[in-house]
Amino acid sequence: ISTSHEYFTSSGFDATTDTGEVTPEKKPDADPWEKSLTTFATGYNSASSTFNLSYRNLQQTTAIDAAAYKDEDNYTLDYNRQLVSTEFSHLFREHWRLSGNAGWTATKRIALNDSSYSSATGLSDGTWSKDRYDGRQFTTDLLLNYQPDERISLTGGISLLTESMEQQNEY
């Protein structure tokens with residue numbers, strides 16, 4: 001059994017520094033970034049069988065700019081990915097092995113631009129938008145292997161893959 005959690009953060013990246021457009025009314029801001037990754041894994045091994053299962057959850061959040069060298073105070077991007085995977089193998093008779101694997105992943109990305117929220121100067125471009133992207137994928141394989149000696153190995157199996165993607169935009 002194994003588990004871990006990693007957390008990364010940055011006080012920010014500033015894409016407007018090189019433009020020289022700093023004024024008392026509009027100071028460039030450093031866009032923050034955060035990443036969190038949690039992992040869990042477990043497994044079992046013996047002379048005839050193996051089994052492994054793992055789970056990962058990735059979460060990232062950042063503020064982004066309107067364009068290169070064009071600051072944006074209220075534009076954020078959130079991303080989440082969950083991943084589950086498993087595999088097994090079992091020698092159930094001499095020369096015969098059954099094995100398989102499966103994986104499922106789901107992703108979600110939300111970009112929120114709330115420029116209708118006024119900055120410290122009271123300026124606003126009056127726009128609000130929310131873009132949401134959701135994706136899912138599932139895959140699995142089941143294999144049967146016959147190996148009567150070191151020179152001959154026959155393998156047959158089936159495989160399944162499903163995917164879906166949804167996009168929603170609000171203005």
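Which residue forms a salt bridge with Arg 136?

1. The partner is Glu 166, and the closest N and O atoms of the two residues are 2.9 Å apart. This pair joins distant parts of the chain: Arg 136 sits in strand E6 (residues 128-149), while Glu 166 sits in strand E7 (residues 152-170), 30 residues apart. The model is a predicted one.

2. Arg 136 has a relative accessible area of 34% and is partly exposed. Glu 166, with 44%, is also partly exposed. Buried would need a value under 20% and exposed one over 50%, so a residue in between counts as partly exposed.

3. The structure holds 3 salt bridges. Another of them is formed by Asp 134 and Arg 132, whose closest N and O atoms are 2.8 Å apart. Asp 134 counts as buried because its relative accessibility is 13%, under the 20% limit. Arg 132 has a relative accessible area of 27% and is partly exposed.

4. Asp 149 and Arg 151 also form a salt bridge, with 3.4 Å between the closest N and O atoms. Is Arg 151 buried or exposed? Arg 151 is exposed, because its relative accessible area is 72% and the limit for exposed is over 50%. Asp 149 is partly exposed at 29% relative accessibility.

Note on methods:
Residues are numbered from 1 along each chain as its sequence is written. This is a predicted model: local features need pLDDT of at least 70, side-chain atom pairs count only at pLDDT 80 or more; totals for chains, interfaces and linings use all residues. Side-chain values use heavy atoms; hydrogens and water are left out. A salt bridge is a side-chain nitrogen of Lys or Arg within 4 Å of a carboxyl oxygen of Asp or Glu. Buried means under 20% relative accessible area, exposed over 50%, partly exposed in between (1.4 Å probe, protein chains only). Helices (H or I, at least four residues) and strands (E, at least two) are DSSP runs, numbered from the N terminus.
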